[in-house]
Amino acid sequence: MSSFGEAALAAAVGLRATPVEFVIFGLTLAGVAVFHRRPLLVALTGLAATGAYKLLVTGFAHGPGLAGLTAHAGHEAVLLGNLGLLLTGFALMASQFERSNIPEAMPRILPDGWTGGLALLGLVFAMSIFLDNIAAAVIGAVTARHVFHDKVGVGYLAAIVAAANAGGAGSVLGDTTTTMMWISGVSPLAVLKAFVAAGAALLVFGLPAAIQQHRYAPIQKHVPAEAPRIDRVRAGVVVFILLTLLAVNFAGNAWYPQHQDRAPWLGLSLWAALILTAPIRLPKLSVLGGAIKSALFLTALVATASLMPVDRLPEAGWRTAFGLGVLSSVFDNIPLTALALKQGGYDWGILAFAVGFGGSMMWFGSSAGVAVSTLFPKTRSVGAWLRRGWYVPIAYVAGFAVMLHLTGWTPSPTRAERPDAVPVTPPAVLDDALHRAGEAWRGLIRDLGDRWEVAVARPDPALFSPEPKP
């Protein structure tokens with residue numbers, strides 16, 4: 001048999017051995033790339049097809065039939081709820097930021113020329129260290145829209161997403177995957193080395209992206225005299241929302257990791273801050289339409305990825321970590337990170353950069369990219385993203401190589417591998433206040449439930465008696 005025939009036979013055997021779920025998922029991703037004007041429909045179709053196949057044929061990881069589907073949905077509910085709440089909530093926060101007129105004043109701060117575009121990417125990188133990378137990417141995209149007068153290239157938008165993901169890669173507050181590592185007992189210091197790769201990557205993609213954008217539409221240093229003044233109250237609303245997220249993220253993961261899988265606390269806190277500040281400055285509710293579609297798209301992809309029959313990874317090593325980063329551009333990085341944490345034996349700084357930055361290579365590869373696509377629908381093209389943002393994959397390879405060369409592969413244990421580790425306890429005042437608030441809330445719910453049961457069991461006869469005749 002010829003070498004060509006042997007290769008064809010091997011491919012056919014490999015295709016037969018590939019689980020049907022992966023074939024459906026691959027077709028879904030191909031459909032997103034081809035039908036980029038209908039990504040939500042494609043994603044929902046892929047989810048429905050995968051769910052139906054597992055329901056009728058293979059069953060789920062938690063069991064067969066509807067019981068297995070229900071158990072799986074309950075297991076993924078917090079993750080999907082957080083994604084949906086954050087993407088829709090950040091769209092409202094972006095409108096508050098835009099209407100504060102801060103982006104209009106940014107040309108006064110950023111330098112002229114291509115260095116202004118590079119400085120903006122550095123600002124997004126820095127913000128993502130302390131904020132969620134979705135928030136940093138949204139703020140960066142809104143600012144870019146104003147400083148470049150609505151002429152922002154797809155390549156520069158890809159660079160904004162890459163900057164947000166790079167900044168969050170070395171911070172346990174900056175990315176969902178690094179937060180998962182923190183909850184699992186990985187030391188924040190072990191993740192810090194990801195900044196070595198992130199900094200190198202920023203230089204590799206930042207310079208060509210800034211020059212490319214400058215040629216397309218340069219920053220205008222001059223700010224017209226009639227430019228609107230900064231709305232300090234609305235700016236304060238944005239700051240309050242961001243501080244709320246920062247506080248909830250830190251307190252929950254540092255002091256209450258055992259409660260993190262009970263509710264989508266980060267998303268709920270974002271919406272609580274939005275509702276509390278709405279009477280002061282009402283956000284632009286019309287942006288919710290596009291945000292809801294983007295949130296449904298990403299949650300559908302993540303839900304489909306969670307149905308894949310991936311129960312183990314190759315042996316931990318830098319090659320596996322590199323491959324997981326490449327896979328993260330099309331496959332959700334959250335279940336991959338969960339599997340890596342369960343397996344153990346990883347250098348968590350290298351893995352954090354790989355799965356965090358790797359998603360930047362495709363517009364739907366990270367939640368930050370999907371959030372930016374809500375503001376700029378033209379990014380929803382795989383071809384345009386790769387053609388204009390060609391420097392992002394190069395930056396991934398370069399950053400990974402620099403970090404591996406300078407720091408080496410040094411695995412560190414998680415909490416599961418250190419059963420004698422002493423948990424960090426919150427301040428007594430905060431713990432007591434939260435417990436009191438929880439008891440008050442549970443008491444209120446019980447009281448409302450009792451009243452409802454009484455009302456149903458013994459309805460007021462006056463409600464059903466005929467009206468007296470005049």
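A crossing of two helices is right-handed if the near helix is turned clockwise from the far one by less than a right angle. I keep that at hand for these entries. The model I am reading is predicted.

**Entry 1: H11 and H20**

I looked up helix H11, residues 194-216, against H20. H11 passes H20 in a right-handed crossing. Their axes come within 7 Å and cross at roughly 150°. Angles over 145 degrees count as roughly antiparallel, so I note H11 and H20 as roughly antiparallel to each other.

Next I listed who touches whom. From H11, the contact includes Ala194, Val196, Ala197, Val204, Phe205, Pro208 and Gln212. From H20, it includes Tyr391, Ile394, Ala398, Gly399, Phe400, Met403 and Thr407.

**Entry 2: H15 and H20**

I then turned to helix H15, residues 318-327, and helix H20, residues 391-407. They pack at an angle of about 155°, with axes 12 Å apart. That angle makes H15 roughly antiparallel to H20. The crossing of H15 and H20 is right-handed.

Which residues of H15 meet H20? I find Trp318, Ala321, Phe322, Gly325 and Val326. On the H20 side they meet Tyr396, Val397, Phe400 and Leu404. I sorted the contact of H15 with H20 by class: eight residues are nonpolar, one is polar and none is charged.

**Entry 3: Phe400**

Phe400 takes part in the contact with H11. Phe400 is also among the H20 residues that meet H15.

Note on methods. Residues are numbered from 1 along each chain as its sequence is written. This is a predicted model: local features need pLDDT of at least 70, side-chain atom pairs count only at pLDDT 80 or more; totals for chains, interfaces and linings use all residues. Side-chain values use heavy atoms; hydrogens and water are left out. Axes are lines fitted to C-alpha atoms, for helices over the stretch in contact, and angles run from 0 to 180 degrees between N-to-C directions. Helices (H or I, at least four residues) and strands (E, at least two) are DSSP runs, numbered from the N terminus. Angles under 35 degrees count as roughly parallel, over 145 as roughly antiparallel, 65 to 115 as roughly perpendicular and the rest as oblique. Contact means heavy atoms within 4.5 Å. Ala, Val, Leu, Ile, Met, Phe, Trp, Tyr, Cys and Pro count as nonpolar, Asp, Glu, Lys and Arg as charged, and the others, Gly among them, as polar.
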